[in-house]
Structures are given as structure tokens and as C-alpha cells.
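The sequence and structure are shown first.

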Amino acid sequence: MEFGTGLIKELWEEEGIKPALEIKTGMEFRITVAVWLKWLDYEPKFEKELMQALSSKNTSTLSLEELQILIKYQERTRISQLIKKYETDFDFDEYIETITYLEKNTIEELMFDKLSQEEKEYAKLEIERLSQLPDKELEKKIEEMKNEECTLSLSMIDFYVLYEISKIEFNRYMSKLHAAIRHRIANDKMLSREPQFHPLMQ
């Protein structure tokens, strides 16, 4: 958070100023509240069946792994509920709880957990295929998928693929940028080593 918690609380309680929810944003992909909600609220069949099975058990009989899965699910459900009530009766403690979650967790982990094994395998193949495209073609494909009208209507698999290939495109761009910078520095060093002749000496 840009400002200290104490200052935010003071502005919240005394001035009635509520800061916007800060969503973790990668340079290669814009993560919005709507995106988080899309994935937090998505409940695939395998997850629904697993939660029903775990919820039917006595907590004391759950393994450590099962307990961690159940706690993670309950936490995500809680954050979804908090984000939805932000514009209404959202209080300061709930704001801190939500921001803390968004700062400590990644959308990538959430997306990966929500995909079935078959979907993950398909996504892996699709990502590998698209990563072989030339830069211009990959950029065009990403722009088509990032179109504001269709991004949130993408299937969950396609959205995950879009997220991953956006990172690939960003890394390509950064590699080119760093190479250009290194080339420029090398050229500048070479020029600085060349003997400089004063016009009157020629």
C-alpha cells in the first residue's frame, strides 16, 4: 500500500475517504477486480465434488493436506464476498483483510488450482504452440484475446492461456530491450575510445 495503515484508517474513519482496492498488476497483464472475481467465483465440477467430500468429514479426521485445501477454499470464498460488498458496507478491517490477501496471493496460483488435470495439459500444449509464433503474430493473437469486450467472456482455459502467453510476449520484449541497451552501451564505449582530433590539428 502506498500510504501507512494508520493514515488510511484515519482518513477512512475521520474523513470518510475509502481508497480503491489495489489489485496486483503485472507489467505483462492487467489484473482487475472483475478478473479476481471471475476466478474466485468459478467452481469447477471436480472442486465442487472435493469440497462436498471434505465438508462431510469430521475436521479432526482430515489430513493436513485436506485441511489446507479446505482452508484455502474458505478463504477464497470469504475474499469474494468481501470484494462484492466493497461499495456498500465494507469496513476498514475488511479492507485490510482483502488488500492483505491480494498482496500475498497471485492470480496465477488461483487459476492453476481451478483447472482440471486435463485442462492443464491442454493449456500446456496450447501455450507451447502459441509460443512458437513469430513476435508480430503472437502480439496480434494476444491483442485479439485482450479485446475488452471478450476478455471476461473467455473460457477459463483460454483466459489462463492468455495470461501465460502475455508473460511470454513481455519477456520477449524485455529481452529485446536489454539487448538494445547493451548494444548502445557497447557502441558508446567504442566511440569514447576512438582518438578525437581537433579541427585545427587536421
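A residue is called buried when its relative accessible area is under 20%, exposed when that area is over 50%, and partly exposed in between. The structure is a predicted model.

## Overall architecture

The protein chain contains nine helices and zero strands. Read from the N terminus, its elements follow the order α-α-α-α-α-α-α-α-α. Of the 202 residues in the chain, 32% are buried.

Where contacts join residues at least 6 apart in sequence, 72% of them link residues at least 24 apart. The chain exposes about 13,600 Å² of surface, of which 54% is supplied by carbon and sulfur atoms.

In soluble globular proteins, nonpolar side chains tend to be buried together. In this model, the largest nonpolar core has 38 residues, and Trp-36, Trp-39, Ile-107 and Ile-165 are the members that touch the most others. Two or more core residues come from each of α2 (33–41), α4 (64–84), α5 (92–104), α6 (107–114), α7 (117–130), α8 (135–145) and α9 (156–193). Helix α9 provides the largest share, eight residues.

Ile-165 is located in helix α9. The residue counts as buried because its relative accessibility is 0%, below the 20% limit. Leaving aside residues up to four places away in sequence, Ile-165 touches Ile-127, Leu-130, Leu-138, Ile-142 and Met-145.

Which residues of α8 are buried? They are Leu-138, Ile-142 and Met-145. These residues lie on the same side of α8, because they cover an arc of only 65° around the axis. An α-helix has 3.6 residues a turn, so residues three or four places apart point the same way.

The face of α8 turned away from the buried side carries Lys-136 and Lys-140, which are exposed. The buried residues Leu-138, Ile-142 and Met-145 are also among the residues touched by Ile-165, a residue of helix α9.

Ile-181 is classed as partly exposed because its relative accessible area is 41%, between the limits of 20% and 50%.

## Salt bridges

Side chains of opposite charge can pair when their charged atoms come close. The model has 13 salt bridges. One of them joins Glu-47 and Lys-114, whose closest N and O atoms are 3.0 Å apart. Glu-47 belongs to helix α3 (residues 45–55) and Lys-114 to helix α6, so this pair ties together parts that are 67 residues apart in sequence. Both partners are buried: Glu-47 has a relative accessibility of 8%, and Lys-114 has a relative accessible area of 2%.

A salt bridge between Lys-57 and Glu-66 likewise has its closest N and O atoms 3.0 Å apart. Here Lys-57 is partly exposed, at 38% relative accessible area, and Glu-66 is partly exposed, at 22%. In the pair formed by Glu-94 and Lys-85, the closest N and O atoms are 2.9 Å apart. Glu-94 counts as buried at 10% relative accessibility, whereas Lys-85 counts as partly exposed at 23%. Elsewhere, salt bridges that share partners connect Lys-72, Arg-76, Glu-109 and Asp-113 in one network.

## Leu-50 and Glu-66

Leu-50 is a residue of helix α3. At 34% relative accessible area, Leu-50 is partly exposed. From C-alpha to C-alpha, Leu-50 and Glu-66 are 9.5 Å apart in space, and they are 16 residues apart in sequence. Glu-66 is also the salt-bridge partner of Lys-57.

Methods: Residues numbered from 1 in each chain as written. Predicted model: local features only at pLDDT ≥ 70, side-chain atom pairs only at ≥ 80, totals over all residues. Heavy atoms only, no water. Helix = DSSP H or I, 4+ residues; strand = E, 2+ residues; numbered from the N terminus. Buried < 20%, exposed > 50% of the residue type's maximum accessible area, 1.4 Å probe, protein only. Contact = heavy atoms within 4.5 Å. Areas by Shrake-Rupley, 256 points an atom, 1.4 Å probe, with all protein chains shown as cover. Core = buried A, V, L, I, M, F, W, Y, C linked by side-chain atoms within 4.5 Å. Arc of directions from axis to C-beta. Salt bridge = Lys/Arg side-chain N within 4 Å of Asp/Glu carboxyl O.
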